[in-house]
Amino acid sequence: MAHAPSPPVALGTQPPKRRTFSELLATDLRVLPVVIGLAALWIFFATQSDVFLSAQNLSNLLLQSTVVGIMALGLMFVLLVKEIDLSVAAINGLTAVLMAKLIVEFGFSPWTAVGLAIVAGALIGCLSARWMTFVGVPSFVVTLGLGLALNGAQLLLLPPTARYGLMGTGIEQIAQTRIEGMWSWALLLIGLLIYVGLTISNAMRRKRVGLPVAMLTGLAMPLIAGTVLGVIVIAVLNSHQGVPLLVLIFAAMLGLGGYVLKETQFGLYLYAVGNNDEAARRTGVNVGWIKMAAFAIAGAVAAIAGVLAASRTLGVGVFSGGGVGGGTLLLESIAAAVIGGVSLFGGRGSVHAALLGALVIGTVQNGLNLMGVENEIRLIVTGMLLVLAVSIDKLIEKATGQQAF
Amino acid sequence: MANTHPHSAAVASPRANRGTPLISMRNITKSFGSVQALLGASVEVHAGEIVALVGDNGAGKSTLVKVMAGVHGYDSGEYEFEGKPAKINSPSDATAYGIQTVYQDLSLCNNLDAVQNLFLGRELTGPAWFGRRLKRAECEVRAREVMTRMRLGNLSLTRPVGAMSGGQRQNIAIARSILWTPKVVILDEPTAALSHSAAEQVSTLIRTLADEGLGIVVVSHDIHHFVVKSTDRIEVMRLGANAASFKSREVTGEQVVNAMVGGNESVNLAG
């Protein structure tokens with residue numbers, strides 16, 4: 001179409017400029033404060049305890065962080081759409097007990113029981129989302145009430161002994177399986193190949209349509225960083241009994257979550273709904289469905305975490321899912337997500353938040369344990385870290401003058 | 001016809017010679033319960049023309065554009081699109097006819113960048129079995145084309161739009177409306193929250209679109225700085241009906257305001 005001969009006015013105020021550090025801090029480098037904080041914690045604990053940096057302890061630390069990390073990962077989907085699910089810990093406990101009951105009392109195979117537990121978790125998530133959108137009750141209230149109800153159901157499912165042992169059912173094998181030597185390196189290679197494949201396919205697409213490709217920051221650096229980190233982690237874990245299956249499951253879930261959030265339409269809609277659900281609705285996004293999917297994911301992921309926790313503790317009981325009210329499991333899951341950089345006000349967060357947040361909480365627990373500090377102190381420190389993390393967020397917002405995304 | 005500066009042609013020639021209007025609404029009535037919002041309102045929108053709808057609060061201009069955009073139905077009257085009766089019962093019907101609306105709140109997601117906002121709800125994606133992977137590169141190229149055409153080429157496509165100025169955000173909202181080559185764009189108060197210079201940039205952009213042959217409908221309270229300077233025709237509404245119609249070049253802000261309030265006394269809102 002021919003243009004009218006009007007003068008070429010530049011409308012976009014200023015020419016493209018390099019982004020300032022403060023702007024980067026508010027966007028792409030959002031993760032920097034958490035990484036620095038985690039590094040500081042590690043340095044501190046390394047000076048306090050000789051064994052902190054030993055392969056055995058680091059392996060332990062990773063294991064301790066997986067359940068909370070997986071919970072935080074699932075919860076993040078709900079936080080992204082500007083909702084909260086306070087029933088995730090109760091879902092974790094109830095579905096674990098359900099799984100144990102199916103195996104111990106009804107003779108289900110472990111695979112079927114685990115599958116049913118995950119489906120149950122997803123259905124409970126759907127239920128709270130449906131109730132929330134249909135009746136218009138805030139998710140905070142729905143899931144608070146639901147959480148208590150599920151706690152009750154969990155107690156009802158338990159036998160008079162209040163405990164199901166899972167020794168010898170096959171479930172305990174999950175936590176005891178470790179992958180060593182060649183197999184662990186092969187798994188790392190597969191993971192890296194998938195990552196490289198996705199990154200390169202994106203770069204090729206950009207090239208094909210004539211867009212510039214950031215060779216260094218977009219292609220080389222993520223690949224090198226991923227390889228180096230992967231090699232270090234596998235090497236450390238291999239020098240102490242190999243890669244625990246639990247850690248592998250967590251890593252696979254992080255990878256899948258990252259793909260969904262960064263690469264897919266559904267992931268984009270989570271961010272859109274979380275920031276401006278009315279705008280999303282106007283463009284035809286089914287906001288109710290997106291929210292329900294987020295709750296279903298949180299529920300299913302909580303069930304997976306429940307199964308893994310049951311496998312670690314060799315059984316389920318009143319204590320499963322953090323005990324009545326969710327206990328520290330609920331609070332630590334929320335705290336991990338928020339410390340990692342997920343916003344409680346929707347629309348901000350990514351999978352490394354779940355990993356980093358869980359590592360911070362796991363590190364505090366592990367490090368203080370090694371120092372012989374009581375559990376009470378650990379709670380105080382974790383609580384302070386949560387407030388500190390959100391405060392740093394706010395300070396960055398104030399200092400850079402921009403809302404963080 | 002639309003390519004040869006229809007803006008000046010429209011002003012120079014009588015209305016009868018301009019062919020079939022894109023939108024023709026005649027004697028539209030609409031009531032909400034006992035409240036009569038529209039009592040026989042009419043408006044025509046031609047290709048290449050910027051029509052301003054002005055009026056006091058409650059005059060019915062917002063209701064009229066919402067009927068036009070399919071947000072509200074209407075009780076009686078005629079709504080024609082390109083000379084044929086239009087069956088518009090929902091916003092998506094209006095979109096199918098090529099009518100796009102830029103809401104006053106812009107409907108942007110602040111945490112997404114310009115490309116993501118432009119394509120929100122209409123992303124180009126891969127197959128479902130691969131999770132509907134976004135075709136980001138293809139979207140970005142398309143977005144770049146549209147931005148360049150609108151002379152917005154130096155707006156960042158990768159910054160979150162929440163980090164941008166009000167004028168830039170307004171421009172992105174307008175760019176989104178023209179991404180799918182509509183015939184009519186409705187703008188609700190496009191200059192309301194903008195500084196003087198940003199408002200002028202938006203005016204220039206709107207003129208660019210009209211010069212490409214789009215019909216533009218603008219609802220605005222900004223009579224003195226925007227409506228009389230940057231539009232072609234002004235439809236004044238009062239109490240749910242048309243009170244006056246002006247050619248923007250032949251009228252002053254005071255005359256328009258007089259027609260809005262329905263008096264002949266001199267009203268000075270310039271301060």
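## Close-up views of a predicted two-chain model

**View 1. The loop that carries Ser107(B).** Ser107(B) lies in the loop that runs between strand E6 (99–102) and H4 of chain B, and the model shown here and in every other view is a predicted one. Although Ser107(B) is not a glycine, its phi is positive, at about 55 degrees. As background to this view, most residues other than glycine have a negative phi. Ser107(B) counts as buried because 20 other C-beta atoms are found within 10 Å, and 20 or more is what the term requires.

**View 2. Ala162(A), a residue of chain A with a positive phi.** The loop between helix H6 (139–157) and strand E1 (163–165) of chain A contains Ala162(A). The phi of Ala162(A) is near 65 degrees, which is a positive value in a residue other than glycine. Is Ala162(A) buried or exposed? With 11 C-beta neighbours inside 10 Å, Ala162(A) is classed as exposed, the limit for that class being 12 or fewer.

**View 3. Helix H11 of chain A and its surroundings.** The buried residues of H11(A) are Gln265(A), Gly267(A), Leu268(A), Tyr269(A), Leu270(A), Tyr271(A), Ala272(A), Val273(A), Gly274(A) and Asn275(A). Which helices do these buried residues pack against? From chain A the partners are helix H3 (55–80), helix H10 (245–263), helix H12 (277–282) and helix H13 (287–313), and they are joined by helix H4 (114–119) of chain B.

**View 4. The packing of H3(A) with H13(A).** Two packed helices are described by the angle between their axes and the distance between the axes. The axes of H3(A) and H13(A) come within 8 Å and cross at roughly 175 degrees, which means that H3(A) is roughly antiparallel to H13(A). On the H3(A) side, the contact is made by Thr66(A), Val67(A), Ile70(A), Met71(A), Leu73(A), Gly74(A), Leu75(A), Phe77(A), Val78(A) and Leu80(A). H13(A) contributes Ala294(A), Phe295(A), Ile297(A), Ala298(A), Val301(A), Ala302(A), Ile304(A), Ala305(A), Leu308(A) and Ala309(A). Sorted by class, the contact of H3(A) with H13(A) has 18 nonpolar and 2 polar residues, with no charged residues.

**View 5. The boundary between the two domains of chain B.** Chain B is divided into domain 1 (1–98 + 182–271) and domain 2 (113–180). The contact between them takes 11 residues from domain 1 of chain B and 11 residues from domain 2 of chain B. Helix H7 (residues 196–211) of chain B supplies 6 residues, the largest share of the side of domain 1 that touches domain 2. By class, that side of domain 1 of chain B has 9 nonpolar and 2 polar residues, and no charged residues.

**View 6. Gly166(B) in helix H6 of chain B.** Gly166(B) belongs to helix H6 (residues 166–178) of chain B, and it counts as partly exposed because it has 16 C-beta neighbours inside 10 Å. When its neighbours within four places in sequence are left aside, Gly166(B) is in contact with Ala193(B), Leu194(B) and Ala198(B). Of this set, Leu194(B) is 28 residues from Gly166(B) in sequence, while the C-alpha to C-alpha distance is 6.2 Å.

**View 7. Val219(B) in strand E8 of chain B.** Val219(B) is found in strand E8 (residues 215–219) of chain B, and its 23 C-beta neighbours inside 10 Å are why it counts as buried. Not counting residues up to four places away in sequence, Val219(B) touches Leu53(B), Lys61(B), Ser62(B), Val65(B), Asp188(B) and Glu189(B). Asp75(B), 144 residues away along the chain, has its C-alpha atom 22 Å from that of Val219(B).

**View 8. The two chains as a setting for the close-ups.** Chain A has 16 helices and 4 strands, and its radius of gyration is 23 Å, close to the 22 Å that the globule rule gives for 405 residues, so chain A is as compact as a globular protein of that length. Of the 405 residues of chain A, 40% count as buried. Chain B has 9 helices and 10 strands, and its radius of gyration of 19 Å is close to the 18 Å given by the globule rule for 271 residues, so chain B is likewise as compact as a globular protein of that length. Buried residues make up 51% of the 271 residues in chain B.

Notes: Residues numbered from 1 in each chain as written. Chains lettered and ligands numbered in written order. Predicted model: local features only at pLDDT ≥ 70, side-chain atom pairs only at ≥ 80, totals over all residues. Helix = DSSP H or I, 4+ residues; strand = E, 2+ residues; numbered from the N terminus. Contact = placed C-beta atoms within 7 Å. Domains from an automatic or database assignment. Nonpolar A, V, L, I, M, F, W, Y, C, P; charged D, E, K, R; others polar. Axes fitted to C-alpha atoms, helices over the stretch in contact; angles between N-to-C directions. Parallel < 35°, antiparallel > 145°, perpendicular 65-115°, else oblique. Rg over C-alpha atoms; globule rule 2.2 N^0.38 Å.
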